[in-house]
Amino acid sequence: MRKIFPLGFAFAVLIFAAFTIVFQSSTGRLLDSVHRGTRSFDLIEKIEVLKDRVVEAEHARREFVLSGSAADLRHYRETAGLIQSDFQDLRQIRGLPKSQLERLDRLEPLIGAQLKNMNDSVEGRINRGYLAGEQSRPSVQGGALQARITQIIGQMMREERTLFKGLSGESQSVISGISRVLLAGSMLTFVLFFLIFFFLSREIGERKRAEELSAALAKSVREELSRTALLKDVAAAASSSLEISEITRRVLREANKHLKASAGSIYFLDEKERALKHLALFGYPEEARELLASIPLDEDAVMSTVIRERLPILTHDSPLPPGSRERVRKSGQADSRWFGLPIYVRNRPVGTFSLSFTEKRPFTEDEVSIFRSIAEQLGVAMENAILFQSRREAEDRLRQLTRQYGLILKSAGEGVFGLDASGNQTFINEAAARMLGYTPQELIGKHSHSTWHHTKPNGEAYPKEECPIYAAYKDGTVHTGQELFWRKNGTSFWAEYNSTPIHEGEEILGAVVTFRDITERRRAEDALRESEERFKGIFAKSPIAIGVYDSRARMVDANEACLEIFGIQRPDEIIGSDLFSNPNLPEEAALKLKNREIVKMEGPYDFEKVTFKTSKSGTIWLSALFTPLMADGRIEGYLVQLQDITERKEAADALQKANESLSRWLSELEQRNREIEVFSTMISLLQACARAEEAYAVVNNSSRELFPGDSGAVYITDASRSMLESVSNWGEARPGEQVISPGDCWALRLGRAYLADGSRPESLCPHVKHKMETATFCMPMTAQGEALGLFHLELDSLRPEMPEDVRERLKGSRERLAAAVSQEIALSIANFRLRESLFEQSIRDPLTGLFNRRYMNELLEKELHRSARKGNPLGVIMLDIDFFKRFNDTYGHEAGDILLRELGGFLKAHIRGEDFACRYGGEEFVIIMPDASLESASERAGELLKDARGLTARYGGKELGPVTLSLGVAAFPRHGLTAGELMRAADSALYRAKAEGRDRVVSIG
């Protein structure tokens, strides 16, 4: 067997090498044939593309010459540019035979010459029009070039097709040879490998039986070693830390590593919450961890049963209690076998240990023994951790309390020191040492009377036995008071102290003394006493009368000014009186005070000025300020300040009247300034108006601002001067006043301004149909002696309740403003009419009434720009009267003018509303038709030709005619992009119509 296998393998390698060499040679020939075929196919494809490009370029050139379209020109230029690109692609094909390269050399100048001929034709059409483009068509020589190009391309394609057919046959032959070699090699290899496999499988069977015997023995050895390693690693993990969470994570990790469990958990019993809290988990999905975080002991769950019953649970396909079904389903362990064991510390269950496995078999006794060993080691480790944790918590608590008490003493704002039974200082905080000017070390162990409490305020020595601070641990009671303490530098300060004895049973061990520096407080108290004395002096001598009342509104004090106001000599005459029953207080003031419930106020109240009766000087004006006196959120009394303001009141009344008068004048002045500003703006806008509607809108808006609160209208005389029509009105709507006659207005009859009083209806103008309570003002609008209209104003702002002087002043200002406005409107209307007349004369032909040639040029340019921007067509019709010179010679120039005038009227009546009819010169006319194509313009020209045959002119009492027309039609953009090109095209068409016999329409196709 050992000899057969190497020989067979060597023979197989030799066969494989031989077939590989043959296969590689055949594959090389096949790849070379495919490469040449691909190159040939690529050349054929690119030659066909080049041929199609040349033909397409010629077609695009013809389309452009015929239509002149920008799209056809763009198509030609794109195609001509692609011809050069396609030819360069042919040049870049690698491996072309010499014959094909020679043909490409001959083809390149021919294509260049052909492109030059086509470009000349296109440039001729662009620069000189259709006829030049037709004349620049390729000549007979260009046709020969095209035929020669086609012949060379045909030769190249025939040669490549023949080569491609030969390469296809060669490839088929090579593929057949490769297939035969692969078939023979596959059959020999299959037979050889079958023999090798037969002998090899027999040898493998014998070896497998020997290996099974040795595997059984090795398995038992491995299991024992694995058990020993597991328990060793678990013991190491349990003793590696004193943190319960860390112990459980490490033990669970070792158990998983050795036992290959699918999931596992360790729970700790929280007796306070009566629940199991997880310490470590693995193998459970994230969404199930929150559900597994806590298991109540009262719940009917597996782990709760393990703790309650103190029994291990081993399960495999056993029914679960209801409390565990949802957890097991969400944890993904529904099909697993698992166990749960209690963990004991000193015979008391403190947690559970469980593992899950995916194998479907019962647990063995060895496995159960291992599980119990792990649980026991967990119990021992948890006991050690709990003991260590309790000790560490106690130490931390002691350190925390020590630090906390030290911080309290250190950060206390008051001085704190302790005294033993002999009066020596046992401790002192930093605040006390700092206030006394010592360090704590300088004071501890020393007697206070030798350092900071040795002298009385009067400078006498302070005997220790008289010290009240030491009395605290002598009599066992708390002593408080104020003493003079001395600093290290010899200065002193007042301190408020509290001495508290320290008891241990019946024995007094010493005292704790706290003190604070009250030097500033004593200074403040002294200052307060001085301030009270000053306040009493100020209160008594204050020029403002001040009365103090208690919470029941009864007076408890009053200064001299208050007694003087009330005309009282002694305070006892008014002390105790009720604020509301004061006989000098007016009844209306007392009533207002009671209604405002002053006894419930929480802030100062400045009472309104009232007439106050006093015995000092009869009746005076007083200002009274009532201020509640608050203490602990409650009103303890009131402070009333009275001040004689009689002179100020009289001066204020006079000043108020002067201010009212001045405000009225300022308001009128501001109104005049605003009217001037609006009037100036109106004049500027009227001068800038281009149309009558714009001017009337300016008048309407400006009048609303100039005459606020008033109504009015502007009337303009019509052409017949028999009626006046309203073109602008503001204020309240007045139905039935849009059209009036000159006889309906007194101002138009009198020829001057007319003011009517609304209270006398007979004085109103007849065109005022409604009732009026105020005045009306009418002003004729004249300019250069011509009556142009009427300015009518109704003074609604003159109210009957206004003072007479104000009414008269306002009426006069309105009259002057209305006269100025009407005059300015009249001048603007006259100027506007003059401008309209001059403009109409500048753009119209005086004989025919049509637009003249100058305005026609502007119209055509504007409409061409609009059509180009929107992409719309535009038609132009040029026409003239046939044999007009003969008509003039026969009937005279006056008859010719009549005929031209009749033709002008005819054209106005027979064109669209958006078309423009213009006189081009002499007997020639032009019609501009926006948005009209060549076909639409030609159709319209035909209708004009037909209708004009019935046109006649009357001269000398007889009819002259009939008349025929010749018309030429052109369109944008087909016949030109500019006004000059379009007019030349239309003129050319008109010339052809005359040349072809007149009385017809000709358009350039």
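Predicted model: local features only at pLDDT ≥ 70, side-chain atom pairs only at ≥ 80, totals over all residues.
Helix 2 spans residues 70–91 and helix 3 spans residues 98–128; their axes approach within 11 Å and cross at roughly 170°. An angle over 145 degrees counts as roughly antiparallel, and helix 2 and helix 3 are therefore roughly antiparallel to each other. The crossing of these two helices is left-handed. On the side of helix 2, the contact is formed by L73, Y76, R77, A80, I83, Q84, F87, L90 and R91. Helix 3 contributes L101, L104, D105, L107, E108, I111, L115, M118, N119, V122, E123 and I126. Sorted by class, the residues in this contact comprise 14 nonpolar, two polar and five charged. An α-helix has 3.6 residues a turn, so residues three or four places apart point the same way.

Helix 8 covers residues 302–309, and its buried residues are V302, M303, S304, V306 and I307. The residue that follows helix 8 is R310, which has a positive phi, near 55°.

In helix 20, which runs over residues 804–843, S822 was examined individually. S822 has a relative accessibility of 1% and therefore counts as buried, the limit being under 20%. When residues up to four places away in sequence are not counted, S822 touches M779, M781 and F791.

R919 belongs to strand 24, formed by residues 916–921. With neighbours within four places in sequence left aside, R919 is in contact with D845, L847, T848, L850, F851, N852, R853, L900, E924 and F925. One of these residues, L847, is 72 residues from R919 in sequence, and the C-alpha atoms of the two lie 9.6 Å apart in space. Another contact residue, D845, is joined to R919 by a polar contact of 3.2 Å between the side chains. The side chain of R919 also reaches the backbone oxygen of G922, at 3.0 Å.

Definitions and conventions:
Residues numbered from 1 in each chain as written. Heavy atoms only, no water. Axes fitted to C-alpha atoms, helices over the stretch in contact; angles between N-to-C directions. Helix = DSSP H or I, 4+ residues; strand = E, 2+ residues; numbered from the N terminus. Parallel < 35°, antiparallel > 145°, perpendicular 65-115°, else oblique. Left-handed = near helix turned anticlockwise from the far one by under 90°. Contact = heavy atoms within 4.5 Å. Nonpolar A, V, L, I, M, F, W, Y, C, P; charged D, E, K, R; others polar. Buried < 20%, exposed > 50% of the residue type's maximum accessible area, 1.4 Å probe, protein only. Polar contact = N/O pair within 3.5 Å; in protein donor to acceptor, adjacent residues only side chain to side chain.
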